[in-house]
Amino acid sequence: MTFNDRSTPLTLLKTRRSGKPRDLAAPGPSPEQLREMATIAARTPDHGKLAPWRFVIVPEALRPALAEKLVAIQRAGKPDATERDAEATVQFVTQAPALVVVLSAPHEEHKIPLWEQQLSAGAACMNLLHAAHAMGFAGGWLTGWAAYSDAVRDLFGAAPQRIAGFVFIGTPSRPLEERPRGELSEIVHEWTLDAGPAG
């Protein structure tokens, strides 16, 4: 199977496959391409036209400095963190050629429910992956401990924003592999009058 087949829009959607960030190598997208990806990602369902998400592009030259900050935050929050923990954090931040941090940026006092705004942020992450794949790269969307740290969030934004994900982008250094997908009989149901909870 050919993954991320760009021959038609439909084949791209049918063959879309994330790349493991640790396996993404150069070449990566240029700064201009990253901005184009963000422009595409912003074309996402957005009830109320609130744009409840933000894209923070981390320049390649600043990735080591970001890694140092995350290691410091990790050690402050986990005094028993080991050198191996620090190495894993550095590897996380510096893997793949490009990194975009996506923030959920809800308008908490707005009439649009918070849940809908959060869903829109998730859709923006997915659109960012679609844009990366459509432009000939591969992307991977990760979270991890850093996504749930307020101190890490404060490096990119401020409350009530939250990190929706770290999206890494580059070129696969090894063949992409398929992952298990849900059987249609398990994930697609037709509603009937006496239908109970889907499950």
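The chain folds into 7 helices and 5 strands. This is a predicted model. Read along the sequence, the elements follow the pattern α-β-α-β-α-α-β-α-β-α-β-α.

**The chain as a whole**

The C-alpha trace spans about 55 × 45 × 35 Å along its principal axes. The chain has 199 residues, and 38% of them count as buried. Now take the contacts with a separation of 6 or more: 76% of them join residues 24 or more positions apart.

| Pocket | Volume | Lining by class |
|---|---|---|
| Largest | about 270 Å³ | 7 nonpolar, 4 polar and 6 charged residues |

Which residues lie nearest the centre of the largest pocket? They are Arg-17, Ser-18, Gly-19, Lys-20 and Asp-23, out of 17 lining residues. Strand β4 (residues 138-142) gives the largest share of this lining, with 3 residues.

The second largest pocket has its own set of lining residues. Among them are Ser-104, Gln-118, Ala-121, Gly-122, Trp-141 and Thr-143. Ala-147, Tyr-148, Arg-162, Ile-163 and Ala-164 also line the second largest pocket. Two elements, α5 (114-134) and β5 (162-172), each give two or more residues to this lining.

Notes: Residues numbered from 1 in each chain as written. Predicted model: local features only at pLDDT ≥ 70, side-chain atom pairs only at ≥ 80, totals over all residues. Heavy atoms only, no water. 1 Å grid on protein atoms, 1.4 Å probe; cavity = no way out; pocket = protein on both sides within 12 Å on 5 of 7 lines; lining within 4 Å. Points joined across faces, edges and corners; volume = space filled by probe spheres on them. Helix = DSSP H or I, 4+ residues; strand = E, 2+ residues; numbered from the N terminus. Nonpolar A, V, L, I, M, F, W, Y, C, P; charged D, E, K, R; others polar. Buried < 20%, exposed > 50% of the residue type's maximum accessible area, 1.4 Å probe, protein only. Contact = heavy atoms within 4.5 Å.
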